[in-house]
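Please examine the sequence and the model shown below. The paragraphs that follow begin at the ligand and then turn to the protein as a whole.

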Amino acid sequence: MMTQIKELTKDHLQALVVLEQACFAHPWSETMFQGDLESPLTVYRGVFSEGTLVAYMGMWCVADEGQITNVAVHPDYRRKGFAKQLIEALIVIAKEKKLTSLTLEVREHNEAAISLYEAMGFEQVGRRKGYYEGKEDALLMTLFFGR
Ligand SMILES: CC(C)(COP(=O)(O)OP(=O)(O)OC[C@H]1O[C@@H](n2cnc3c(N)ncnc32)[C@H](O)[C@@H]1OP(=O)(O)O)[C@@H](O)C(=O)NCCC(=O)NCCS
């Protein structure tokens with residue numbers, strides 16, 4: 001399988017929307033991605049398999065902090081290390097930008113994602129009660145650089 005990690009731009013908007021819908025019960029809309037892809041503060045990377053976008057990750061960089069906004073891998077392409085490769089790529093970029101940490105929010109019952117983030121060195125730093133639909137808590141997880 002030929003795979004490649006590439007920067008995502010507004011040219012990838014449609015592919016991103018299709019992938020997002022395959023991955024989430026509450027997907028981001030085209031408009032949300034459009035605004036994000038056009039912002040100078042965001043970094044998007046995608047994994048392409050045989051030319052098809054199968055995984056992506058987005059990050060906001062504000063002052064010296066990075067916020068991972070989205071991570072998703074198409075259901076047919078999971079457990080192949082793609083999310084790990086994308087996070088590693090973002091870590092390299094974050095360090096180049098001299099960010100001091102990377103933070104994200106994750107549903108408290110999303111065991112796959114929590115395992116992934118823990119394996120990458122993220123630690124739980126907080127909890128937002130009922131953040132998702134008023135029912136499920138969000139865990140705040142951060143990877144600190146230079147500790
Ligand atoms: C969470 C998600 C991004 C993981 O992507 P992935 O490409 O399958 O993950 P990787 O193959 O890179 O896994 C790396 C490590 O994470 C952990 N992990 C990933 N999926 C896991 C699962 N289902 N159960 C337990 N651990 C898991 C493991 O430690 C894994 O290493 P291993 O395969 O050597 O055991 C993917 O399941 C997904 O897109 N889920 C739906 C969207 C989502 O929930 N996104 C996160 C929102 S915060």
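A nitrogen atom of the ligand lies 2.8 Å from a backbone N or O atom of Val-71, within the limit for a polar contact, which is a pair of N or O atoms within 3.5 Å. Val-73 likewise places a backbone N or O atom 2.8 Å from an oxygen atom of the ligand, and a polar backbone atom of Arg-79 is 2.8 Å from an oxygen atom of the ligand. The protein buries 73% of the 920 Å² that the ligand exposes when taken alone; accessible areas come from the Shrake-Rupley method with a 1.4 Å probe.

This is a predicted model, in which local features need pLDDT of at least 70 and side-chain atom pairs count only at pLDDT 80 or more, whereas totals for chains, interfaces and linings use all residues. Residues are numbered from 1 along each chain as its sequence is written, and side-chain values use heavy atoms, with hydrogens and water left out.

The shell around the ligand holds 19 residues, of which Val-71, Val-73, Arg-79, Gly-81 and Asn-110 come nearest; a residue is near if one of its heavy atoms lies within 4 Å of the molecule. At least two shell residues come from each of β4 (65-73), α3 (82-96), β5 (101-107) and α4 (111-119), and α4 gives the most, with five. Helices (H or I, at least four residues) and strands (E, at least two) are DSSP runs, numbered from the N terminus.

**The protein as a whole**

Four helices and seven strands make up the secondary structure, in the order β-α-α-β-β-β-α-β-α-β-β along the sequence. The C-alpha trace spans about 40 × 35 × 30 Å along its principal axes.

How values were computed:
A polar contact is a pair of N or O atoms within 3.5 Å; within protein, one must be able to donate a hydrogen and the other to accept it, and residues adjacent in sequence count only if both atoms are side-chain atoms.
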